[in-house]
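Take a walk through the model below. Start with the backbone, then turn to the packing of helices and strands.

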Amino acid sequence: MNDAVEVTLRAVGVLAAFLVLPLLVGQTEHKVMAHMQGRLGPMYAGGFHGWAQLVADGVKFVQKEDITPAAADQRVFRFAPAVALVPYLVAMAAIPLSPDVVAADLPASAVFVLAVTAVGILGTLMAGWASANKYSLLGAMRAAAQLLSYELPMVLAVASICLAAGSLSLSGIVAAWSPWWLVLQLPGAIVFLVSAVAELQRPPFDMPVADSEIVFGAYTEYTGLRFAFFLLSEYAGIVVMSLLFAVLYLGGWHGLASDQLGWLWTLLKGFCIAVVVIWLRVAWPRLREDQLQRLAWLVLVPLALAQLALTGVWVVVAA
Amino acid sequence: MTTTEGRRELTVGMGAGGLATADMVLNIGPQHPATHGVLRLRIVVDGERIVSAEPIVGYMHRGAEKLFEVRDYRQIIVLANRHDWLSAFSSELGVVLGVERMLGMEVPERAVWARTLLAELNRVLNHLMFLGSYPLELGAITPIFYAFREREELQAVMEEASGGRMHYMFNRVGGLKEDLPAGWLDRVAYAVQAVRGRLPDLEALIVGNEILEARTRGVGIVTPETIAAYGVSGPIARAAGVDMDLRRDEPYLAYGELFADSGPGRVVTRTAGDCLARLEVLLEQVHVSLDLAEACLDRLRTLPQGPVNVKLPKVLKVPEGDLYTATENPLGFNGYYLVSRGEKTPWRLKLRSASFNNVAVLAEVLPGNLIADMVAILGSMFFVVGDVDK
C-alpha cells in the first residue's frame, strides 16, 4: 500500500514539474526576448507583468477547434502529439534535482534519458508524414535528418562524462563531479549544448519548423490542443536538456548548503542554460539544413571524439 | 558540402546517397509567410532542390493604369503613391515631375529642396523596412524591432509635415501641399542624428554575423547580363556592379547639385551580385541618404521664406504630347509614361514599377538552389507586391 502511495506521489510530482517548468521557461522567453528587443512582452494577463499569459494561451488552445485534415492519416495524425510529448515527461522523471529529489533513480539514467528523448523525433516524423501536406513532409524530413545526425555527437559527449565519472547514473555523475570538469569537459559541454539546441529544433537550428520557408514544418496542419502539445513538448524539451546540462556539466546540486538547497541549485543552473537557449533565438538567424549537417559531421562529431579520447587518457593517467 | 558548378550538394551526412527521387510541385504563396504579400511562386522541387521556378503575379492587380485615365492629375497622385506603399513619396514625385515638365512649370526652390529631403527620408524608411524584414526571413527575429524603432523616429517627422504615415499625399503639381511646420527642420535634424547614432546597433546584428553570411554569401547571384536582360534596377542592380542611379545619371529635383563632385551624394555599388551584396548596398544607401537629408536640411535653413507651390488653375490641363519621367525610387526605376491629349485627364499613363522587373528575374536565379535559399533570394529582391501587381 505504501508503495502505491509513493509511486502516485512521485508521478504527480513529475507531472506538476512537467506542467509548471515549461511554462516558466516559456514566460521567461516572452519577457527576456521582449526586453532584448526593446519591448515589454505580455503585460495584461493575470495582472502582474502578464504572468498568466501562457495559462491564457492554454485556455485559448483548449477552446479552439481540433481539426484533422480530410486527407490526413487520421490515427497517426492524432497520435503524433502524444509521441512527441510523453518522452520528455518520462525523461523528466529520471533526472535528479538532488540525491533525494528524484522520481526514479535508475542505475543507468544517463543512457535512459538520452534514449527516451530520442523517441520524440518520431512524433515530429509521424506528424509530418500523416499531415498530407507538402510543407509538413519537408519539415518532417528536415527534422529526421537533423535529429538523427545530432544524436551521435550528443551521445559521444555524454559518454565522455560517464567515462570521467565512472558511472552511467546521473546521480553518480554528479557525485563524482569536480570543478575541473568545467575546463576538461568544456569541448564536450559545447558539443552537448549545440546538439541539444539542434535536437530541440530551436534557432539557429529551427529549419524543421522554419516559418518563413515551410510555414511551420510538420506542425503546419495542427490546431488547438494538439498544436499546444507540440509547443509544450518544445518547452519541456528545453527544461529536460537544460537540467541535463546542469547535472552533467555544472555539477547539479553542488553549491552552498547543498544538503538542504541542492535541488534549487540544479534548477537555477538549468534555468541559466534555458536563458542561454532563449538568447540564441533572439540573437541569431537560422542555418540551412545542409550547413547544419556539415556542422554536425565535420565539427561536432570529431570534437566529441577528441573529447572522449582526452577523457580516456585523463582517466587512465589519473587512476 | 561540395560546390560544383555553383550548385550546393547535400553530400555530408547522406549515408545512402543517390536515392531515387520524384519531382514535387510546391506552391509558395499566394498566402505564405515568406512572400510578405500575395506573390505566388510555383516551384518544382527535387527533394529540397528547386528544379524550376515561375513567379505568378497579379493577385493584387488593381488596374492602377486604367484608373489613372479617369482621374485628374490631383487625384492621380492619390493612386500613384499606393502601388509601392513603402515608397509613397517617391512615387508621387514621378507624376508631378512629369506634369510639371509638360506644363513647363517652374517649381519654387524651397519646394525642390523640401521634396528632395522628403524623398531621401522616404528612401531611408523603405530601406529600414527591408533591413528588418530580410533577417526575419532568415530566421533572425530581432533586427525588425531595431529597424522599426528608427522608422518610427523618421515617420514621426514625416507625419508632422504631411499628416500621413504611409501615403503622404504631400506633393502637388507645382510644389508641395503646404509649407513645412515651424521648427520642423530642427526636429528632422534631431531625428536624422538619432537614427544615425543608433544604426550601428542594427548593423551589428546583421553584418558580420557568421550565420547570416553563410546564408547569403554566394547565394542567388545575379549577373550584369541578366540584369540587362530583365531590366532589373535599383539596389539589386547596383549590388551586381551595374553602376546606375538616376539621381546621378539623369538628375531631377536637387540631385544634380547633391551628386556633383563635391556633393555628399554617391552611388553605392558592390560587385558580387549575391544576397549579401544586396543587403550591404541597402545598408550603405541608408547612410548616404542620411547624408543627403542633412545636406538638404542645411540648404533649407539658408533659403529665404517663400512659397512652396504654384497657384494652379481650377481645371488643370496638360498640353498635348507625351513624356516619360523616371525617378530613382528606393527599389529601382519608377517611370510614368504620360500621354496627354490636352484634357484634364491623361489619355494614357503607363506605370513602370521597379519590383515587377526585379521579381521577374527570380525564374532565372532560383533553379538549382535549395528551398531555404529560395527564401534568402526572395527576400533579397526587396520587392513590394503592390509594386509588382500595380
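Is A:Gln201 buried or exposed? A:Gln201 is buried, with a relative accessible area of 7%. Buried here means under 20% relative accessible area, exposed means over 50%, and partly exposed lies in between (1.4 Å probe, protein chains only).

A word on the ground rules. This is a predicted model: local features need pLDDT of at least 70, side-chain atom pairs count only at pLDDT 80 or more, and totals for chains, interfaces and linings use all residues. Residues are numbered from 1 along each chain as its sequence is written, chains are lettered from A and ligands numbered from 1 in the order in which they are written, and side-chain values use heavy atoms, with hydrogens and water left out.

Stay with chain A. Most residues other than glycine have a negative phi, and most peptide bonds are trans. A:Gln201 has a positive phi, near 55°. A:Gln201 sits in the loop between H8 and H9 of chain A. Helices (H or I, at least four residues) and strands (E, at least two) are DSSP runs, numbered from the N terminus. That loop, between helix H8 (186-199) and helix H9 (211-214), also holds A:Pro204. A cis peptide bond joins A:Pro203 to A:Pro204, with omega about 5°.

A:His49 is not a glycine either, yet its phi is positive, about 45°. A:His49 lies in the loop between helix H1 (2-36) and helix H2 (53-63) of chain A. A:His49 is partly exposed, at a relative accessible area of 39%.

Now move to chain B. The axes of helix H4 (residues 109-137) and helix H6 (residues 184-206) of chain B come within 12 Å and cross at roughly 25°. Axes are lines fitted to C-alpha atoms, for helices over the stretch in contact, and angles run from 0 to 180 degrees between N-to-C directions. H4(B) and H6(B) are therefore roughly parallel (under 35 degrees; over 145 is roughly antiparallel, 65 to 115 roughly perpendicular, the rest oblique). Contact means heavy atoms within 4.5 Å. Among the contact residues are B:Leu117 and B:Leu121 of H4(B), and B:Trp184 and B:Val188 of H6(B).

Finish at the sheet. Three strands of chain B form an open sheet in the order S3-S4-S5, with antiparallel pairing. Two strands pair if DSSP finds at least two bridges between them. Strand S3 (23-28) and strand S5 (49-56) of chain B stand at the edges, each with a single partner strand, so one side of each has no neighbour in the sheet. The twist averages 20° from one strand to the next.
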